[in-house]
Amino acid sequence: SKMEQKKGAGRIAKWDNARWILITLVVICHFFENYLGNPVANSLFFYVYTFHMPAFFLIAGLFSKKTVEDRRIDKVAPYILIYIFIKIVNWIVQMIIYGKYTSINWFVESGVAWFALAMFFMYIITFYTKRFKPVYGFVLSVVIAMILGYTVENTDIFCWMRIVNFYPFFYLGYVISIEDITKWLENKKIKVMAIISLITYFVICCVGIDKIFWLRFLLTGRSGYYRLEYGMAYGPLIRLGVYVISFFIVFMFLSIMPKRRFILSKIGQRSLSVYVFHYVFIYIYMASSLYKYLPYKYPNKWWLFIVAIGIVVTFICGTKWPDALCKWIMNSNIKYRKNAKQ
C-alpha cells in the first residue's frame, strides 16, 4: 500500500542520511589524518573515530539479515573484488603521482581497503554465529576483542585485528530488528539526550584532547595494548570502556538522523563508491602545494578549507559513474554453488 511505501521510504531515508553523513566524516577525517599533531585535527579525529566506523558496521549488520539467513555467499564474495579493486586503484594513483613502483601485498592492508575485507569476513563469521543466542554471541565477540588486544603480531595481515574489534557492532546490528531500533531512536527523550551527549562529548574531545589522545589506537582498531601509553595491564578494561562509549555515541548519533529525504541522501546509498575512490583525491591533495600552504597561510581557518574539500570530494565520488562501477563489481554474477541450508 502507499502508506506502507511511505513509511518504508521514511525509514530508509534515516539510514541513508546516516550513511551520507558518516561517509562525509570518513573522507574529512582521512584528510585530517595527515595533520595529526595539530590540536584541531587531533580533536576532530578522536571525536569522529569514536563512532564513524562502528556506526557503519552497525548499519551494515542491520541490513545483513536476509543475506546471512540465506547464506548468500554470492552477495558477500564481491567484497573481495572491491578490496582488490581499491588496492589496484590506489597503487596506480600512487605510482602516477609519486613515480615510485612498489609491489602490492594482497594479504596485508594498513590502508583504506581494509573495510571491504572486513565486510567480507564479518558476513562469513555471522553465517556461523547466527546460531548462537544473541546475548552469548555479543558477549563472546566483545570478550574475544578484549583478550586479543594483548597481541603483538602484525595486525594488518587480513586486517584481522580491526575485524575482531569492530565485529561486535556488526553483530549487534544483525541481531536487533530494524523496527525496534527505529522505534527506540525516534523517542523524543532519547533525541534530547542525544543532542546533549554529542555536544558534551565534542567539548570533552576539544578541551581534554591531550588527556585522552593516547586512546586513539583503540578507536582505529589496528593496534594492541602495547601501543597504549598508560595501563597495558588494564588493556581489556580500557577496551571495554571504549566499547561502552562508542556504542553509546553511535546510538546517540543515529537518534538525531532526520527521517526526511534530502537531495544528498542519495550519497548515503552510494557510500561504497565514495569509500572506494576518495583516497585518490587525498593522494592528489598530499602531492599538491595546498597540503602545506593552507595551514601556513590560514593558521586559524585552515581546517575549514579541509572540511569543505572533504565535502566536495564526497560529492564527486558519490556521483553516478563511480557508483555504477561499484555496483557493477558488487553485482558481478560470479556463480557459486549455493551452500546447502544447514
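In the predicted model, Ser271 is in contact with Arg19, Ile23 and Phe56 once its neighbours within four places in sequence are left aside. Ser271 is placed in helix H16, and its relative accessible area of 10% classes the residue as buried.

Phe56, one of these partners of Ser271, also belongs to a cluster joined by ring pairs, together with Phe57, Trp114, Phe115, Phe138, Phe166, Phe169, Tyr243, Phe247 and Tyr275. One member of this cluster, Tyr243, additionally has Arg239 lying over its face, at 4.6 Å from the ring centre.

Tyr98 counts as partly exposed at 35% relative accessibility, whereas Tyr283, at 14%, counts as buried. For Trp184 and Phe251, the ring centres are 5.7 Å apart and the planes stand at 85°, so this pair is likewise edge-to-face. Because Trp184 lies in helix H10 (residues 178-185) and Phe251 in helix H14 (residues 235-255), the pair ties together parts that are 67 residues apart in sequence. Here Trp184 is partly exposed, with a relative accessible area of 40%, while Phe251 is buried, with 15%.

The largest nonpolar core holds 109 residues, of which Phe46, Phe57, Trp114 and Leu254 touch the most other members. Helix H1 (residues 2-32) supplies the largest share of this core, 12 residues. Apart from neighbours within four places in sequence, Phe46 is in contact with Tyr201, Cys205, Ile209, Ile212, Phe213, Leu215, Arg216 and Leu219.

In helix H19 (residues 320-330), the buried residues are Pro322, Asp323, Cys326, Ile329 and Met330. Viewed down the axis of H19, these buried residues fall within an arc of 125° and therefore line one face of the helix. They pack against helix H5 (73-76), H6, H16 and helix H18 (302-317), while the face of H19 turned away from the buried side carries the exposed residues Lys320, Trp321 and Trp328.

A search of the whole structure finds 10 salt bridges. In one of these, Arg261 pairs with Asp16, the closest N and O atoms being 3.4 Å apart. The two residues are 245 positions apart, with Arg261 in the loop between H14 and helix H15 (265-269) and Asp16 in helix H1. Arg261 is partly exposed, with a relative accessible area of 40%, whereas Asp16 counts as buried at 3%. The side chains of Asp156 and Arg222 also meet in a salt bridge, at 2.8 Å from N to O. Since Asp156 lies in the loop between helix H8 (134-148) and helix H9 (160-175), and Arg222 in the loop between helix H13 (216-220) and H14, this pair ties together parts that are 66 residues apart in sequence. Asp156 is buried, with a relative accessible area of 9%, and Arg222 counts as partly exposed at 29%. A further salt bridge joins the side chains of Lys191 and Glu186 at 3.4 Å from N to O; Lys191 counts as partly exposed at 23% relative accessibility, as does Glu186 at 22%. Together with Lys14, Glu186 and Lys191 are linked in a network of salt bridges.

How values were computed. Residues numbered from 1 in each chain as written. Predicted model: local features only at pLDDT ≥ 70, side-chain atom pairs only at ≥ 80, totals over all residues. Heavy atoms only, no water. Buried < 20%, exposed > 50% of the residue type's maximum accessible area, 1.4 Å probe, protein only. Phe/Tyr/Trp six-rings, centres within 6.5 Å; stacked < 30°, edge-to-face > 60°. Helix = DSSP H or I, 4+ residues; strand = E, 2+ residues; numbered from the N terminus. Lys NZ or Arg CZ within 6 Å of the ring centre and 35° of its normal. Contact = heavy atoms within 4.5 Å. Arc of directions from axis to C-beta. Core = buried A, V, L, I, M, F, W, Y, C linked by side-chain atoms within 4.5 Å. Salt bridge = Lys/Arg side-chain N within 4 Å of Asp/Glu carboxyl O.
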